[in-house]
Amino acid sequence: MKQNDMIAALRGGTVTRREAVKALSAMGLTMATLPGIAGRAMAQSERGTYFTWGGYDDTGLFPTYIAKHGAPPNFVTYGDAEEGFTKMKAGYVVDVVHPCSNDIPRWKESGLFQPIDTSKLSNFPDVFERLATLPGARDDAGQWYVPFEWGATSITYRTDLVGSDPGGESWNMLFDEQYKGKIAVIDSAADTWWCMAILAGVDISKPLTPENIEKTTELMRRLHPQIRMYTNDMTSLAQSLASGEVVMAITWNEVPVQLTGEGVPVKFAAPKEGALTWNCGLMMHKDAPNPDDAHDIIDAMLSVETGKYCIEEYGYGHSNAKSFDQVDAETLASLGLDVNPTDYIDAGNFIYPQTDEVETQMNRDFESVKTGF
Amino acid sequence: MNTVAIIVEAPRAGFWRRWLMRSEALRGYLLLSPTLLVMLGIMVIPMVGMVVLSFWTQHAGNTFDTTLTLKNYTDAFTRDMYRILFMRSLGISLLTTLFTVLLAYPMAYFVAFHVKRHKMVWIILMTLPFWTSYLLRVFAWKIILGYNGAINSGLISMGVISEPLTILLYNPTAVVITLTHAWAAFAILPIYVSLEKIDRSLLEAATDLGDGPVARFFRIVLPLSLPGIIAASVLIFIPTVGDYVTPSLVGGTDGYMISNAIQFQFARGNNWPLGAALALSSMVIVTAIVLVYVTVIRRLTARIG
Amino acid sequence: MSGIGREKNRPLAIYAVFYLAFLYLPVLFLPVFSVNDSIYISFPLKGFTWQWYESMIGNEPMLNSLMNSIRVALATATISTLLGIFAAKAVTRYTLPGARPVIATIMLPLVVPEIILGTALLIVIMQAGGTLSLLTVTLGHILLCVPFSMAVLMSRFEGFDRSMEEASADLGENAWWTFWRVTLPMAMPGITSSFLLCFTISFDEFIMAFFLGSTDPTLPVFMWNQLRFPQRLPGVLALGSCILLASFFVIALAEYLRRRSSFNSDPGAITID
């Protein structure tokens, strides 16, 4: 009996062994791809590396850079700036990175960055002064942060489901009992928390006091039961607004523009307490392997060509004042940017970037609210 | 133990060769060495580093106070928030594991015993859906479970409900459904592998002894497929405890898990030592649960057998 | 081998169909929405369009990331399965003193949250002066996959009928020959399963790939990073549908070739598989 099994197994072996040969040859093929895996790492050092959100790895943003270097910079992307920051804290080195203004003190304090030499930036004189001097962006050591794009954070709401002007636009809309469980917010203290701070009457252009933090956290705690989901990405927010899953969401200004473009009836609220103005920009790593190239990347992103593309394709304001002259009035109007940018920026509700300690405290409060504590 | 005897008795000629051939342990370790060395080589330093880190204290910025302290562990075990998150995570993972294994077993059984030809094609067919990005599958689940989604539209058109149900998405149920789908292949494959090796003559013997299909299944197939069930449940239970992506995509406000808390400490929370302590604690708890589970199952089957 | 397999079990067959439907249900929505004329994945459907496929074809970074993923997944699956075979064979074939701690060590990456593993590995690589590339991603994925491979193969090797190997050894075959002729064929279902699992894990893994990768992103990293801009999702959907279609095609072709070749060269093959 055992003998029979043995023969059967070996006979079976004639089939499966061929499979095994195939498997082995597939393995050989795999091994052949391995050098490819290792080899491509070498090409990195020639040009500077730009670490940014997926979506900004767009050659359209670098016409002047490409004109000079023949190719765009090396792109490395993250889905969330905070993940990128974690990666850099673990030792990952790039040339230029793309944080937002509220990150500045925390990022600066990590000791991972160096001031940018503005004399190497031909477009720097055209940058809005208010943006270039946002708190923390410039100090005695130099210019740590160069602004790139800006926009507004407010409530996008479905006019067909909520009404077109439900009792005056206000951050209080989010607290309306009848929309309980139909509200989504951005899952980061950098946005939602500050919107509540505005509603709480906190002067967000100053360093926060413990009482202000307490007041805002209290509002967050009251908002929590209203919320269906916290999410970090604009795609999920836009998707759920489009499907009617939620009727109101805190979003950035490009979301309502796109939704309207797709025929979804939404409106971007102008809360009477004021919307939040956000600004993101560029910082340079302290060990940037290609410092000259880093300055080229930053200068290219400040150029008028890039600004025009940024406004038209992304729907964001650009930091170069001259960029707005390149875009026709109709486009600007459709994007809600048909204002005098200088006035808009000067009147904007910019977040005062908090110290690492306060920011971390805020983040931790936000987490406990989110988990229901 | 018996190596001593071998050394004493071994004849001079071919001493080492014989010793090598006879010493089970040595041959075993020789075979094991490539895997063990690779794994140790990659893992030792990071893991030791993490353990040490969990006893440090985070300073503002990117620096640590390297005085050893148990504070992170007392935080991890005494704060209500973490206790509840632990329980929630374990509950979700247990449910996911249970459903995944229960649903996958009949399928694996079907392929192992009832599919005569092209078994591998069936197996590959069941892994194919998982080659499309996880992200896309999550979005697909949102279409199915969502407010204007497939299920709600279906129920409304059938007149079962008048308003879309909102209890399908953005809650722990959605997390369990999504995970049960996502880990299906990880249950089917190990169970199939262990079913496939069951000696068919045992089944015939049982039939000859008058066992019906049900008795045959419980007396032979189930006990013999236990290695596969154990492998599947461990392979699903452990990683789902550590998953933070699914809960944050479909879990809504109650979908925040211990792994999200760990991820938070490494990102915005900026407290790596606490994150490491939370992770190590969860690792210890999960390992303990798995050990108890494996022991209990083995005991039970030993009794049945 | 009479009886058992030949019995028809209708309820089980019906269940199998339903289960397959459950596995494919979400995936089949992808092709539907990939030709929907809207950037949002939601009902009702808006209209038919090929534009997302057109945008996909010109999207070089996306196609590059697909190639990167295939490479990494193939390498990971091969190496992890090999390492899994060694380890599983060693612990099931030999009585090893201290086998439990050894198994526990190899299984360790399973219990460590990926964010920890990714960050810790990144720190070590950076401290050692290494550079990030697809090679480091592969390394990370091997770490994740070996426990899976070993677990699957152990359940295959456990209670393995050793008499076969002994019979082969008694017939004077050397150890390699025995492994090649007896062990490997018997372990084949386990090996294939392990390969498939490892490929699937690596092809879909995001966290390690993000922390250990650099200018060459893998497909999951690429996709996750597109979430910042909603208008990029449909292109990704089109790619997902193409991957699904292409893998169907490859499997069908492989099966067709296999049947033809086994039919021509070895009629016995048909009864065996």
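**Figure 1. Packing of helices α6 and α10 in chain B of the predicted model.** Helix α6 (residues 119-127) of chain B packs against helix α10 (residues 184-196) of chain B, with the two axes 9 Å apart and at an angle of about 160 degrees. Because angles over 145 degrees count as roughly antiparallel, α6(B) is roughly antiparallel to α10(B). The crossing of these two helices, α6(B) and α10(B), is left-handed.

**Figure 2. Residues in the contact of α6(B) with α10(B).** From α6(B), the contact is made by Ile123(B), Met126(B) and Thr127(B). From α10(B), Ala185(B), Ile188(B), Leu189(B) and Tyr192(B) take part. Six of the contact residues are nonpolar and one is polar, while none is charged.

**Figure 3. The contact between chain A and chain B.** Chain A contributes 28 residues to this contact, and chain B contributes 20 residues. On the side of chain A that touches chain B, at least two residues are supplied by each of α3 (81-89), β9 (227-231) and α15 (356-370). The largest share of that side, eight residues, comes from α15(A). By residue type, the side of chain A that touches chain B has six nonpolar, 11 polar and 11 charged residues.

**Figure 4. The helices of chain C.** Chain C has 12 helices and zero strands. Its C-alpha atoms fill a box of roughly 70 × 55 × 35 Å, taken along the principal axes. Of the 273 residues of chain C, 55% count as buried. Among contacts in chain C between residues at least 6 apart in sequence, 76% join residues at least 24 apart.

Technical notes:
Residues are numbered from 1 along each chain as its sequence is written. Chains are lettered from A and ligands numbered from 1 in the order in which they are written. This is a predicted model: local features need pLDDT of at least 70, side-chain atom pairs count only at pLDDT 80 or more; totals for chains, interfaces and linings use all residues. Axes are lines fitted to C-alpha atoms, for helices over the stretch in contact, and angles run from 0 to 180 degrees between N-to-C directions. Helices (H or I, at least four residues) and strands (E, at least two) are DSSP runs, numbered from the N terminus. Angles under 35 degrees count as roughly parallel, over 145 as roughly antiparallel, 65 to 115 as roughly perpendicular and the rest as oblique. A crossing is left-handed if the near helix is turned anticlockwise from the far one by less than a right angle, and right-handed if clockwise. Two residues are in contact if their C-beta atoms, placed from the backbone, lie within 7 Å. Ala, Val, Leu, Ile, Met, Phe, Trp, Tyr, Cys and Pro count as nonpolar, Asp, Glu, Lys and Arg as charged, and the others, Gly among them, as polar. A residue is buried if 20 or more other C-beta atoms lie within 10 Å of its own, exposed if 12 or fewer, and partly exposed in between; C-beta atoms are placed from the backbone.
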